[in-house]
Amino acid sequence: MLRFCRPRVCSLPLRRRFHNVREHIHDERWPGWQVIIGIETHAQIKSRQKLFSYALNTDLGKPPNTHVTVFDAAFPGTLPKLNNKCVDLAIRTALALQCNVQTRSSFDRKHYFYSDLPSGYQITQHYAPIALNGQLDVTSSNSIFPVRIKQLQLEQDTAKSTFHARTKTAQIDLNRTGVGLMEIVTEPDIRSPEEAGAYVRSLQALLRAVGASDGNMEQGSLRCDVNVSVNRVGQPPGTRCEIKNLNSVRFMMAAIIYEIHRQKAILELTPDPATATVPQETRGFDENTFETFRLRSKEDAPDYRYMPDPNLGVLVLSEERISNIFLNLPELPDETRARLKEQHGLSDHDIEVLQNIDSGHGVRFDGEEPRDEEGISNGAIAYFDQVCAGVGSLTQRTDGTPTEVTAPKARDPKVVMNWMTHELLGKLAARKESFKDNKLSAAQLGQLLDLIENKIITRSSSKLLLRHMLENPTLKSTLQVAQDLKLIALSHGSAHAPSNTEAGYSEQDPLEHLCEQAVAALPAEVESYCRGNVNVINRIVGRVMKDSRGRADAQNARNIIERLITKATQR
Amino acid sequence: MLKRPNPDWRRAIAEKNATINAFVYTKPPQANPNSEIRKSVSLNGPTDDAPLWGRGIAIKDNICTADMPTTCSSKMLRDFTSPFDATVVKLLREAGADILGKTNCDEFGMGSLNINSVHGPVINPLSVGAGADAGAEPRSAGGSSGGSAAAVAAGMCFGSLGTDTGGSIRLPASYCGVVGLKPSYGLLSRWGVVSFADSLDCVGVLAKNVQDAKAIFDVLNVYDDKDPTAVSDEIRKRADERTRERMSVWNRGSESLQGLRIGVPQEYFPSDMAPFILERVGHVISGLQALGAEVVPVSMPSTSYALSAYYVIASAEASSNMARYDGVEYGMQVRPPPGADMTKTARVYSHTRSGGFGREVQKRILLGTYALTADAYDNYFLQAQKVRQLVKDDFDKVFVVADQRGGRQSGEKDGGVDVLIHASAIRTAPNMRGDGGDVGLTTYVQDVLTVPASLAGVPAINAYGGIGDDGFPVGVSVVGQWGSEASVLRVCEIIASIV
C-alpha cells in the first residue's frame with residue numbers, strides 16, 4: 001500500500017486567507033449574508049487504558065467511580081504516565097487528516113476550579129500540539145468541499161458531574177476522568193449548517209475507520225463546540241460566538257441556524273451597518289427550546305493560567321514511528337468509496353449501505369482491527385471484499401461433482417452485494433441481529449453463492465440453508481452442510497442428461513423419478529394439460545417441489561414433466 | 001548481619017522529641033528487627049543480609065506511607081493517610097529498614113526554617129538539652145526538612161529521607177551539622193512524594209556521616225517506571241562511568257588528591273554572609289589543597305538571578321500543584337456557611353482552601369497564580385525559564401564532564417572542575433525569635449546559595465564544615481555535574497576527615 005503521496009492542497013500562507021478559499025454560495029434562508037463556521041471536536045480515544053493512568057476506559061453505564069486510580073482522583077504524590085497507545089491513535093487520526101505530525105510536542109496544564117476536575121487542572125497541549133495543518137475533504141449530498149484542520153491536540157477528559165437541582169448537590173463520577181481526548185480544531189471553512197453536519201459525519205466516519213474513536217455523539221464519545229459568525233456578503237467576517245457542548249448533529253445544526261438568525265437580527269437592527277457588531281460570547285444550547293443562550297461574555301472569559309506540565313516534558317516522536325503508522329493506516333472512507341466504485345463498480349447507494357453497516361460495528365480498543373476468533377477481519381466492507389475475492393471458491397469436476405478449489409475465483413460484486421444486503425442482513429434482522437452478530441463467514445457465504453451459481457443447490461434450498469447456518473453456526477463448509485442436510489439439488493443442471501450413473505447418485509436421475517411419480521399420481525391434471533390447459537402443469541411441478549423438499553429446480557422439473565407428458569401422448 | 005549494635009532510636013525519640021518536635025508520628029516496631037522470629041516470618045521479605053537491615057529511618061511527612069498519616073504539616077491533610085507507599089519508602093522496606101515514623105517539615109515543603117507547620121516548629125537539637133548553654137535561645141533546625149535533619153542530629157534515627165526543592169535538605173543539614181544529600185534530579189523516584197514544584201523536587205537523604213548517607217542513597221538509586229521524570233538506566237550508567245573514569249585520575253588513596261580540580265565560584269560569597277562562615281569554608285578548601293587538589297576560581301555569572309527565577313518557577317508550579325486540595329476527594333473540607341456565595345465552584349472551594357492552607361502556602365499560591373496569568377506569563381514565568389537555562393549553562397561551563405542527559409555542550413574540556421565547593425548557607429542556625437523569624441524576604445535569602453543546584457538539577461551535598469564562632473555548625477556544599485554522586489560523596493568523605 002502506497003499512501004505516502006497524498007497531495008497537500010496548498011501551502012500555509014495561502015491557506016490562512018480563509019475568506020478567499022471558498023466562493024460565497026447564495027442561501028435563500030439568509031440572502032445577502034455569509035455564514036462562517038469553525039468547529040472544535042472532542043473525540044474520546046478508544047484506548048484500553050486512560051491517557052495518563054492504567055485505569056481501564058469504561059463503557060457508559062458502569063457503576064460510578066469503579067475505574068479510577070489514585071492518579072485519576074488527584075491523590076497527593078501521584079504522577080502521570082503517558083499511554084503510548086493514545087499517542088499512536090492520535091498520530092493515526094492526524095495522518096488520516098493529512099496533518100503535519102510534530103516530532104516534538106508538549107503537554108500543558110489548563111487551570112480552573114470545577115468539581116469535575118479533581119486536580120484543578122486539565123493536562124492538554126496548548127503551546128505545542130501533536131499535529132498541525134491538515135485537511136478533511138468532506139462529502140456532502142451534492143458536493144465535496146475541503147475543511148482545513150488547524151490542529152489536533154491530546155488532552156484529558158473530565159469527570160462526569162450530575163447536578164441535582166432539588167437537593168442542590170452535585171454527584172461526581174470519576175470513571176471518565178483522564179480518558180484520552182483528541183481535540184480537533186478546524187479553520188473557519190464551513191459555510192452552512194448542512195456543511196457543518198456533513199463535516200461532523202465525515203469526521204465520525206474517519207475516526208471509526210482508523211479505529212481511533214467510537215465517534216458517538218449520543219453517548220458523548222464525540223462532542224462539538226461550534227464557532228459561528230455572520231457578515232454581509234463582501235464585508236469582512238463578523239464577530240464569532242462559540243456554542244459549547246453540542247451532542248448531536250441535529251442539535252448542532254439547529255443551534256447554528258438559531259445563531260445565524262440571532263446574529264443577523266442584531267446586525268440588521270443596528271442603525272449604522274458600518275459599526276454594527278455582535279457581542280463576542282460563549283453560548284449554550286437548550287435542547288428543549290432549540291435556542292442558544294448566553295453562558296459568558298468576553299469580559300468573563302477565564303484566565304486558564306497555562307503552564308508547561310513539569311512532569312511530562314517533551315513528547316518526542318521518531319520519524320520512523322510516524323511513517324510506520326502511516327504505512328499501516330487503515331483504508332479511509334474516501335479511499336474505500338473510490339475503490340468500491342472502481343474495483344467492483346458499486347453504485348453510490350450500495351457503497352453508502354456498506355459504509356453504514358460498517359459504522360455500526362464497534363471500534364476495538366487500541367486501534368486493533370475488528371477481527372473474529374480466526375483473526376479474519378469482520379467489518380462489512382472487508383467481508384464484502386473477501387466474498388468478492390472468492391474466498392471458499394467451489395468448482396465442479398468434469399463429472400459434475402462440486403469440490404473446493406485452492407485458487408479462489410472472483411465472484412460477481414453485484415450478486416455478492418445483493419446477497420449481503422438482502423438475504424444475509426434480512427435474515428439477521430429477522431433474528432433481531434445486526435451485522436456484527438453475524439456468524440456466517442465470508443467463505444461460507446461465498447460458497448453458498450457458488451452452490452447456487454453452479455445449480456448444485458436450488459434457490460429455495462439456498463435460503464433454507466442460509467437460515468439453518470445462521471441458526472446453527474458451524475465451522476463446516478457450506479457444501480458440507482448442504483450435503484448433511486441433503487439439500488443437493490436433484491438432477492443438477494441436467495435436463496439433457498437424464499441418466500446420471502456416477503458414484504453418489506442413483507441409477508436413475510432422482511428428479512426424473514420424482515417427475516414420473518408426480519405425473520403418475522396426477523392423471524387428471526395431465527389430461528387437463530393435454531387438453532390445452534397449460535397452466536395446470538404448475539400443480540404437477542408443485543407436487544415435485546414438495547416431494548423433493550425444495551431440492552428440485554422448478555424449471556428443470558417443468559422441462560422433464562413436459563417431456564414426459566409429450567412422450568406419453570405421442571405413444 | 002548488623003555491623004554495629006542497634007542504637008535505641010526509639011528511646012531517643014521518647015526522651016527528646018517533646019522538646020525538639022522532629023517526629024510528628026512514630027510507629028512501634030513491627031517486631032524486633034533482630035529477632036529470629038522476624039527472620040523466619042519474613043519468607044519473602046528482607047532478611048538480615050539486606051543492606052539496611054534493622055536501620056531506623058525517619059520519613060519526611062510529605063512522603064506517602066500507607067501505614068502512617070502523610071500530613072505535609074498542613075491542616076489540609078491533617079487526617080490524611082495515603083492509600084499507597086512512595087517508591088522510596090517501598091525500597092527502604094524491601095532493604096530491611098525499620099521505618100520509625102514521620103518527620104516534621106514546613107507545610108508542603110515551603111519554608112527554610114521549619115516554622116510553617118501545623119505541628120509547630122522544629123527546635124534545633126544542638127540548641128537544647130545537654131551540651132547547649134543554659135538559658136540559650138532555641139534555634140531553628142532549618143527547613144523545610146527540619147524534622148529529618150533534627151532527628152539525625154539528635155540520634156533519633158540512623159538516617160532520614162527529606163525532600164529538597166531549593167535547599168530544603170542542605171539548609172537544615174547545615175544548621176544541624178549533619179550530612180544532607182540532594183541527589184541529581186531524576187535519580188530517586190518521586191512517585192508518592194507530594195509535589196511542591198515537580199521540576200525541582202528531589203528526594204534526598206540525611207545521615208550522621210557520608211557512609212551512612214551513601215548506604216541509604218544506594219538502596220534508593222533505581223529507575224522507577226512510575227516516575228515520568230526518572231532518568232533511564234542507560235543514562236545513569238553512562239554518567240556514573242564517566243564520573244568513575246575521572247575519579248581514577250585523583251582518587252588513588254586518602255593521602256593524595258593530586259588531579260582533583262575544585263572550583264570555587266566567586267559569586268557564592270554574598271556580602272551578607274557571616275565572616276566566620278567564609279573563614280571555615282576557606283579552611284576546608286585549603287585542607288583539600290594541602291592534599292594536592294587544585295583550587296580553581298570560577299565564575300557563574302547567572303547566580304544573582306537564580307533566586308528570583310527560583311521563586312517564580314517554584315511558586316508557579318506550587319500554585320498548580322496545590323489546586324487539587326479542594327476538600328472533595330480527600331483532606332479537610334470546610335463547608336460554606338449558610339448564605340455564602342455558591343455561584344462559582346471556586347467560591348465554594350475558597351472556604352476549604354483558606355482554612356486549610358497556612359500563610360506561607362497561601363502567599364506562594366498567590367505569587368504563582370499571578371506569575372501564570374496571561375498578562376504576567378511572558379515577563380515572569382518565561383523569563384524565569386530562560387534564567388534557569390542560563391544557570392544550567394553556568395554549571396555545564398565549569399564542570400570537566402558533560403551532562404550525560406544531553407546538555408548544550410558535550411564532551412570534556414580542559415580546565416573544567418570536578419566539583420564546586422561553597423558555603424551551604426550565609427549563616428548558622430538562626431534564633432527562633434528575632435532576626436531568624438518569618439520576616440519578609442529575609443527568609444528567602446537563606447536559599448540564595450542552594451537554589452542554583454536545584455535549578456540545574458545537579459547533585460549537591462552539605463558536609464559538616466566545623467563549628468562557627470557562635471558554637472553552631474557551619475555547612476559546606478559540594479556540588480558536581482549531573483549523575484556524579486560518586487565523586488561528590490567521595491569529596492565529602494575527605495572533607496569529614498580533615499575538618
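## A parallel pair in chain B

In chain B, strands β7(B) and β8(B) run parallel and are joined by 5 bridges; strands count as paired here if DSSP finds at least two bridges between them. This is a predicted model, in which local features need pLDDT of at least 70, side-chain atom pairs count only at pLDDT 80 or more, and totals for chains, interfaces and linings use all residues. Residues are numbered from 1 along each chain as its sequence is written, while chains are lettered from A and ligands numbered from 1 in the order in which they are written. Helices (H or I, at least four residues) and strands (E, at least two) are DSSP runs, numbered from the N terminus.

Within this pair, P265(B) sits opposite V298(B) of β8(B). To get from β7(B) to β8(B), the chain passes through helix α8 (residues 275–290) of chain B, making a right-handed β-α-β crossover. Right-handed means that, with the strands pointing away from the viewer, the path from the first strand over the helix to the second runs clockwise. β7(B) also pairs with β9(B), again in the parallel sense, over 2 bridges, and there G263(B) has L420(B) as its bridge partner. Since 4 of its 5 residues are buried, β7(B) is largely enclosed by the rest of the structure. A residue is buried if 20 or more other C-beta atoms, placed from the backbone, lie within 10 Å of its own.

Contact means that the C-beta atoms of two residues, placed from the backbone, lie within 7 Å.

## The sheet of chain A

Chain A holds an open, mixed sheet of 9 strands, in the order β2-β6-β7-β10-β1-β11-β12-β13-β14. β2 (100–101) and β14 of chain A are at the edges with a single partner strand each, so one side of each has no neighbour in the sheet. Helix α4 (residues 193–209) of chain A packs on the sheet, and its direction makes about 110 degrees with that of β6(A). α5(A) packs on the sheet too, at about 25 degrees to the direction of β11(A). These angles run from 0 to 180 degrees between N-to-C directions, along lines fitted to C-alpha atoms, for helices over the stretch in contact.

## Where the chains meet

Finally, 32 residues of chain B are in contact with 25 residues of chain A. On chain B, the elements giving two or more residues to this side are α9 (303–321), α10 (345–356) and α11 (359–372).

Methods. Buried ≥ 20, exposed ≤ 12 C-beta atoms within 10 Å, placed from the backbone.
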